[in-house]
Amino acid sequence: MSRTALRICPLCEATCGLTLTIEGTRVTHARGDRDDVFSQGFICPKGASFGAVDSDPDRLRTPLVRRDGELREATWEEAFDAVAAGIRPVVERHGPNSVGVVLGNPNVHTMAGALYPPVLLAGLGTRSVFTASTVDQMPKHVSSGLLFGDANAIPVPDLDRTGHLLLIGANPLESNGSLCTAPDFPGKLKALKARGGTLVVIDPRRTRTAKLADRHIAVRPGTDALLLAAMAQVLFEEGLVEPAPHVQGVEELADAIREFTPEAVAEACDVEADAIRALARDLAAAPAAAVYGRIGSCTVPHGTLASWLVDVLNILTGNLDRPGGALFPQAATDKTPRPAGPGRGFALGRWHSRVSRHPEAKGELPLSALAEEIDTATEEGEPVRALIAVAANPVLSAPDGDRLDKALDSLDFMVSVDPYLNETSRHADVVLPPPPPSQSPHHDFAFNTLAVRNQVRYTRPAVPLEPGRMAETEILARLILAVTGMHGADPAAVDQMVIDQTLGKAVKEPHSPVHGADPRELAARLGGDTGPERRLDMMLRLGPYGDGFGVRPDGLSLDKLLAHPHGIDLGPLEPRLPQPLKTRSGRVELLPGPIADDLPRLRAALAERPEGLVLVGRRHLRSNNSWMHNVPALTGGSNRCTLHIHPEDAERLGVEDGAAVRVKGAGGEVTAPAEVTDAIRRGVVSLPHGWGHNRPGTRLSHASTDPGVNVNQLLDGRLLDPLSGNAVLNGVPVEVTPETGPEASAVTEKLTALT
């Protein structure tokens, strides 16, 4: 007998509501929830494949512990005993920084990944922290921190009301959006055009999004900041500047970018000066407009400057914090809004990596530096001797996976929280597998801070926790206890500690709705069946829409949210400045010192010209990084690991469509089938990321049948954006030659079999 259950999809940033059909304890079908207040029935191929992702037979069901060199099934008690015995001696002998923590992208897609890693890092006290942010979005965090004083204050385009949208380095028809949470992003772009609006896409590839655009500018990869700086210069030169309120530094900015004229940047960008002027004029003329940049403009040598200039253009045209422009979302679990006024500001480089002296950003070191922090001895500090990887696969996601692969083998101890034995977790001494998503609750703590409409939703597990499984929240709570010297304590103590600390601070804050109350009495009033639910209830009640523990009777609480299973709509984005600002001045600081200091490097780029081919990545609609290549329903078709190359480049190099080509970069070389297409501009080639499932010792039976190649192996990890530490993944020089050896025949045979 079947039944249905609601679930928020955790498979990408769109966070669509799903209606699951369940037979017994197995999800057999997924469709869009038409009553969901945010997604209104939209679903993409990933969400439709929820059941296949959930029931993948290669998902680990029990912990694994390494014994006599082999990973073997163990009990949960044995696994956490091994974690405590492996990590604590390293901390006590070599200090907390000798334990590295790697947090992968899936953490922001789960409740556990949002609630527990901050407690883990605080308990360990380590500065050896690495996350997927530094191969993705860290430039946006740094630019937001410098502009607004808060690295997490990221304005998003008001997609439903804008009349002019300029996208740079973004392909939301494939990605479903990123740092901009918007179910049915494609539908919103089509609605923009239907109401007479304009869509402009700047991208070296003619992506699906670019094909929808009114104007497509095929910029040379890596020159995004030059193009955006020239647009800003035009605004000043032609008197088109109408800055948003609460801004300082407008005149200083005008002087700083004076020489970045369209004529000066045109050759470097390979975009005509008149086209650049037209982009700026049209942006300024639109009644409501927004500029939005994503991974293509982040993962380049000037990623932080490009991210900064995206907001500079929104500010100079008066579109920051304006309906139809770019606004700051207000999530239901945000902290109680404090009165507007000066804050602590944002600082970079509070400490540095041990080997290459990379400055920290947002408390993190570059993921590109992880291998050298493990395998290189220096006189300063201890190397990373133990590693905790939570939902992370840096062997595929970080540059030079071969070096990291070897470095992981040299660790004294490693623990991985992962549902799969993949290219990274195969090195672990202990693997702790979380249950499939149907057996977990879901609330989007991170993505609601980036949502294009304010709303709040929560779904409890659609399927009871399977016998022998452990909830991901309990896994991480027990992990925290094991590595901080409290092994064996009740895992509920972790949640209670956070509740006590949070309420203890709240009652002392004059602007809090519970100022002066008894924190113990407040804790006793929390609802929820579990520790994580009690924490969610606390955050909702203290948040900007909360009931304040009875102060605002109509406000939010967990009980109220549970009474609305399709979510609660909190309305469109609203202007919020100056309240979100935490700069020392209390204003938007348009030209922060670190940005001004990096502009000479951008000036030097005016003279740079790549002599050969450069590489860019790409994303497929049916995958999310390296997560889903083990699901048959999400592979094949267009979701293949091929090298896109322009017909003229292919003819010049003697490359034939479907034939094997060798691609060589600073970090190594790979062989992949060529896909000749005019959808990519001349001088540029493209490989998708997240592939390379051919290492021994994994248990990814489907992914290994079509492993693809690891594009990040072409990088040696030395190319970084200096302000953010973000890896440079796009616009890197490569050599492409036809493959003529035995490997060429193998690639061709594999491609023939797949097609």
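Visitor: Which residues is leucine 226 in contact with, leaving aside its neighbours within four places in sequence?
Guide: In this predicted model, leucine 226 is in contact with Phe260, Val265, Ala268 and Cys269, and also with Leu602, Ala605 and Leu606.

Visitor: And what about the largest nonpolar core, which residues have the most contacts inside it?
Guide: Leu226, Met231 and Trp308 have the most contacts inside that core, which has 61 residues. Its largest share, 10 residues, comes from helix H10, which covers residues 224–237. There is also a second, separate core of 52 residues, and among its members are Phe130, Val395, Ala407 and Ala674.

Visitor: OK, zooming out: how many helices and strands does the protein chain have?
Guide: The protein chain has 26 helices and 26 strands. Of the contacts between residues at least 6 apart in sequence, 73% join residues at least 24 apart.

Visitor: Why does the radius of gyration agree with a compact globule?
Guide: Because a compact globule with 755 residues would have a radius of gyration near 27 Å, and the protein chain has 25 Å, the two agree. The C-alpha trace spans about 65 × 65 × 65 Å along its principal axes, and buried residues make up 61% of the protein chain.

Visitor: Switching to the surface, what does the accessible area come to?
Guide: The accessible surface of the protein chain is about 27,600 Å², and carbon and sulfur atoms account for 50% of that.

Terms used:
Residues are numbered from 1 along each chain as its sequence is written. This is a predicted model: local features need pLDDT of at least 70, side-chain atom pairs count only at pLDDT 80 or more; totals for chains, interfaces and linings use all residues. Side-chain values use heavy atoms; hydrogens and water are left out. A nonpolar core is a set of buried Ala, Val, Leu, Ile, Met, Phe, Trp, Tyr and Cys residues joined through side-chain atoms within 4.5 Å. Buried means under 20% relative accessible area, exposed over 50%, partly exposed in between (1.4 Å probe, protein chains only). Helices (H or I, at least four residues) and strands (E, at least two) are DSSP runs, numbered from the N terminus. Contact means heavy atoms within 4.5 Å. The radius of gyration is taken over C-alpha atoms; the globule rule is 2.2 Å times the number of residues to the power 0.38. Accessible areas come from the Shrake-Rupley method with a 1.4 Å probe; for residues, only the protein chains shown count as cover.
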